[in-house]
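Biologist: I'd like a close look at just one part of this model, the place where two chains meet. Take me through it slowly, please, and keep it plain.

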4 protein chains.
Amino acid sequence: MATAPSASNGGLRVAVVGTGYGSAELVRLLLDHPDVGEIRLYTHSRDGEAIDALYPHLAGFLDVSLRAYDPGEVASVDVSFFATPHGASAELIPPVLELGGRVIDLSGDFRLKDGSAYEAWYGRPAAPATWRENAVYGLADVYGDAVRGARLVANPGCYPTAALLALIPLLRAEAIEPEGIVLDGKSGVSGAGRGVSLGVHFSEVNENLRAYKVGRHQHVPEIEAEAARWAGGPVRVTFVPHLVPMTRGILMTVYARWRGAPTDTEGLVDLYRKAYGGKPFVRVLPPGRQPETKHVAGTNLADIGAVFDGRTNTAIVTVAIDNLVKGAAGQAVQNMNLLFGRPETLGLRRVPLFP
Amino acid sequence: MATAPSASNGGLRVAVVGTGYGSAELVRLLLDHPDVGEIRLYTHSRDGEAIDALYPHLAGFLDVSLRAYDPGEVASVDVSFFATPHGASAELIPPVLELGGRVIDLSGDFRLKDGSAYEAWYGRPAAPATWRENAVYGLADVYGDAVRGARLVANPGCYPTAALLALIPLLRAEAIEPEGIVLDGKSGVSGAGRGVSLGVHFSEVNENLRAYKVGRHQHVPEIEAEAARWAGGPVRVTFVPHLVPMTRGILMTVYARWRGAPTDTEGLVDLYRKAYGGKPFVRVLPPGRQPETKHVAGTNLADIGAVFDGRTNTAIVTVAIDNLVKGAAGQAVQNMNLLFGRPETLGLRRVPLFP
Amino acid sequence: MATAPSASNGGLRVAVVGTGYGSAELVRLLLDHPDVGEIRLYTHSRDGEAIDALYPHLAGFLDVSLRAYDPGEVASVDVSFFATPHGASAELIPPVLELGGRVIDLSGDFRLKDGSAYEAWYGRPAAPATWRENAVYGLADVYGDAVRGARLVANPGCYPTAALLALIPLLRAEAIEPEGIVLDGKSGVSGAGRGVSLGVHFSEVNENLRAYKVGRHQHVPEIEAEAARWAGGPVRVTFVPHLVPMTRGILMTVYARWRGAPTDTEGLVDLYRKAYGGKPFVRVLPPGRQPETKHVAGTNLADIGAVFDGRTNTAIVTVAIDNLVKGAAGQAVQNMNLLFGRPETLGLRRVPLFP
Amino acid sequence: MATAPSASNGGLRVAVVGTGYGSAELVRLLLDHPDVGEIRLYTHSRDGEAIDALYPHLAGFLDVSLRAYDPGEVASVDVSFFATPHGASAELIPPVLELGGRVIDLSGDFRLKDGSAYEAWYGRPAAPATWRENAVYGLADVYGDAVRGARLVANPGCYPTAALLALIPLLRAEAIEPEGIVLDGKSGVSGAGRGVSLGVHFSEVNENLRAYKVGRHQHVPEIEAEAARWAGGPVRVTFVPHLVPMTRGILMTVYARWRGAPTDTEGLVDLYRKAYGGKPFVRVLPPGRQPETKHVAGTNLADIGAVFDGRTNTAIVTVAIDNLVKGAAGQAVQNMNLLFGRPETLGLRRVPLFP
């Protein structure tokens, strides 16, 4: 549809489906959003439970109980956020869309146009092709215009958000080789969600560091597919994520061989300044400065630092985001703003929590 | 004065003096405050420096440089916050007050009416008696009315804020013995400020825990003096602070011998519910729940949990606050709201950052 | 029995039952022990599994697989360590003892002579009275002589070890009131074991602090019973444990009202120096110094600091231990040394891992 | 010299120069070393101070005071370790060598044969060419034989140790391209030493992550020079170190384009198994397993995991070490063992501290 949907009187009515960290973070941001009038929470397993039993930090802020999931109800609000696991979104969302709902999905189920890639990397059947093809990939700082008319927004993954903000300006400028790109990702533990396991047990993660899913993380095809749109041809990335003993934050370190005109760090930084001039959530750091995850904590910001390594003819670009905000709930709210024709910063312009 | 001062057109003009974490946190909160029109930053040593050189997380939020400290300028704004070290406040603030300024001081220099207590515990000369005596102790959730007409607010210390919120309702009800009170305080490292030293060196503090200033922390006389106002007689506390390997948060564990009518945990919790009913920043937890510092992170909230230990006839009360917000900058902004007749929650009603 | 049992040729053969952190730590210490010839690991649920599948850090150090639990086998070694949960020890250990085995139990099942206290605090039936009564409470630095002849050693709890090392010298000297004692305990997360749950989920524990089991921790009766032996009458303690965002370490802060001859910090420290002179694992810190958990990390040491607060007539004693070593596996190995007539430091004299 | 020097009666007499973490860790390891008879500590600035005033965790283990630095004394012991800053080693060590001393230097001053590379990357004059050229690069698991006859051992840097253990087997087998190698290093904060600064201030480092010295870390020429010896030609690496909020541990992630015969992960792991078979401190993990820094904490181990990414024809190799042990003091003691003809594991065969 071409025009932005208008909100119900009294502000937008929104539904949040799921009870993980993504949902909790959506609630935090939506509660502070001036145009949100009602927040409903849906669950499959804990209906009737008060939200502050699940998340005590919300006591006094949101006096609602979790509702049993009901597609009709969810379709009837202005917009619903699905912070549900891969697979669950693929099943739950199409019926809501068919009932006329408007959806922002935080899972990976509608991000890949290529169903066989989904099946290969996620190891389960892809969502229906129609909806995958109609979904708009909600990398809001790049594809904001496309989001404005969407019925279904596929909110990007946390690592892809960081990686693509670094890669797209370089690929668009044909400044780097589309092969041999190395993405070394480092994430805080909240990225693994609220489900308990030995892999996120405090005593095993604290004072520890490891790589995981080496070369086989499901964010690879998402990054490659979106990068390819700007490269005009296939892009191949070698991606290794690492688990860092902190709660929030992603730092993505991108290494790409330069093939553009000879440059230096100043030139590389300029390229980013031009790409993101006027973008309210992207801060391009001056030469000599490096992004830190704590400088964006709790916010929808993405900080980008760039160094040109003349010795090895390599662009080294680092991007810091808060994985739960810009990498999930914050970008989803930014997409909601875009969907409804609001200023994209509405409710999202907050100062990082430092230190 | 009896009436609240009116703000200049275009919102309050405020000055922040100092460059430590207290100042940075004030800037964060003031930037999000709807009634603040202008923020000026003053320093003695770094004038001319851009604020984001000192605090890169503020890049894009506040495009100002640090100004050389000038008492006349500081006196001319609507209100100034002094987040300066003990001793510096005592020297800098009286001239500003004499020039007609209105001041909220975050140091300990104006908190004690008893100058000899100050000199004994702080080891330096006390601030002029006139100003100490006229200062209003800004424990905002308790003394809000007194703050409304103040020229000089002595913003409470971080530990005293937590301790007094626990003690005052018990002392007012004559429910506990005024002697033999044990205060076991635990603080995140940001409470030690931004000054570098081996005691806050990452490798020495991480995965480590220790007590410090055992029995001789300068917050003792502050707690005892304010507690005594409610006890109708002297109060003696044994206070041991501990340094915990986290950045933000204070948990104060209070142990007091019961002397009121026989009670239980439910009765104790009720006492707090009555004391803080309607107070927007104090959350009294239901029996069986304990406060956690992360449940108040980044906010002006104080969470209180109470257990009555019938075996030992002891009230055990735990209070969690964010030391930089409720324990410093947040309470200071709450005091600013009170000073200017604003709703005390203005600009301060934010959802905790969890996880 | 009166004489120390002799080891089999080739060193002691030991069994470790259980797969939690206590067992892993026992393995670490036993591997470095010069008199241990064979280590067998027993489990109820994972038999056949290689130890390094369970604990990859042990790869290359111990090439054994977990064995299915068999009481006869366990009884046949020189000594067996049960690092099994409360309840499991009570069931498993008596048959081993009846078969002639020698056991060091790390659970709480044999620590309390008073079966009804066990049932009240643990909420389950007590172990058979005979064995509880015959068990020697293995606070090795205090009861070393009693351990020498034991068939069953009840290895102390982590918090009780720290609390009793502080309390016993004071009670023995009749220097403190036996009532009104406050024990504020702070523990790293490894004390909660390897079982996964939201309460030890990295993202919920990191940068967080809370009290738990306020006034009702099962270590209370253990502390009170052992303290009473030295007080010559009942002792009452108010104990609140706290969970600190670090992996290892306990810091116990003890507050007790003085009733001895007038003293000061120097006198208090002297009292401890006399109590622990010649004890190889207890370091009494000089006046003005406070113990830090990191100064004992990985070792069987207990560091004690003492301050006399003349204002409130209170002895403030802090004790730092590594909860998994002195608070569990290390003290168990010390008890093994005592059992077999070895020097108690054998295999345990290691420098703390700092930083 | 061709034969191993013999120790003085009563064990080796060793000197440690410097007071940073490297020295403290040397003391820890040397105290547990069965062949070390005497440890002397030298300093330029704190002579006369007791070691446990500087490092309280050592109380009771080493009853010595720091001595004023004296080259004659240092030259007279069996071997001296210089854990001194870059620049200081270059000045202090040659006189000791000229007096007949035997030295293991932990700084970077004698690692580079190419003096101009030193000057370019370190920004200061290189040490005298004679001694640089005669120094043996002490990557003990690879160059053990060369170390055996050395007068001066240049102990490798922490990052180079990890990087070279990954690279050398690949380069020796001509299996990877010598250009386009990406080294993404992640280090705990202890690698920055004990000097205080805002960059290692707890509140700024905790819950934070950043890259530093992007493309210009002084370990680059060290890695390239040693790698070139095995490549038979120049090697170029792009190296970005990152600061991770933990105290100990380095994880190095190596990305290299394959040019050998077609392979897979199993083949790549086999290559490492062959390279390090029989090496006591290198553990090659089976396919599917990734090294974790905590699995080597406190030890001289290096854990290596390898994945072949067939999609991008890239070898991805991760190496975990304890930066203060294998990356500094542990490897130095291993080199001492080699120097004196001892088994290289003597005093170093310890189980990692986990969790």
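Modeller: Let's start with the charges: across the interface of chain A and chain D, the rule finds four salt bridges. Bear in mind that this is a predicted model. One bridge you can look up pairs D:Lys186 with A:Asp184, where the closest N and O atoms sit 3.0 Å apart. The cut-off for calling such a pair a salt bridge is 4 Å, so this one qualifies.

Next, widen the view to polar contacts of every kind. Between chain A and chain D there are 30 residue pairs in polar contact, with both residues at pLDDT 80 or more. As for where the chain A side comes from, several elements each supply at least two residues to the side that touches chain D. The helices among them are helix 9 (202-205) and helix 10 (219-231). The strands are strand 8 (181-187), strand 9 (210-211), strand 10 (237-243), strand 11 (250-257), strand 13 (302-309) and strand 14 (314-321).

Now for the extent of the contact. Chain A puts in 45 residues, and chain D puts in 45 residues.

Rotate by 180°, with 0.0 Å of shift along the axis, and chain B superposes on chain D with an RMSD of 0.0 Å. These two copies are thus related as by a two-fold rotation axis. To find that axis from chain B, go to B:Phe202, whose C-alpha is the nearest to it in that chain, at 2.0 Å. There's a match in the contacts as well: 100% of the interface residues of chain B are also interface residues in chain D, so the copies meet through the same surface.

Notes: Residues numbered from 1 in each chain as written. Chains lettered and ligands numbered in written order. Predicted model: local features only at pLDDT ≥ 70, side-chain atom pairs only at ≥ 80, totals over all residues. Heavy atoms only, no water. Contact = heavy atoms within 4.5 Å. Salt bridge = Lys/Arg side-chain N within 4 Å of Asp/Glu carboxyl O. Polar contact = N/O pair within 3.5 Å; in protein donor to acceptor, adjacent residues only side chain to side chain. Helix = DSSP H or I, 4+ residues; strand = E, 2+ residues; numbered from the N terminus. Least-squares fit on C-alpha atoms with pLDDT ≥ 70 in both.
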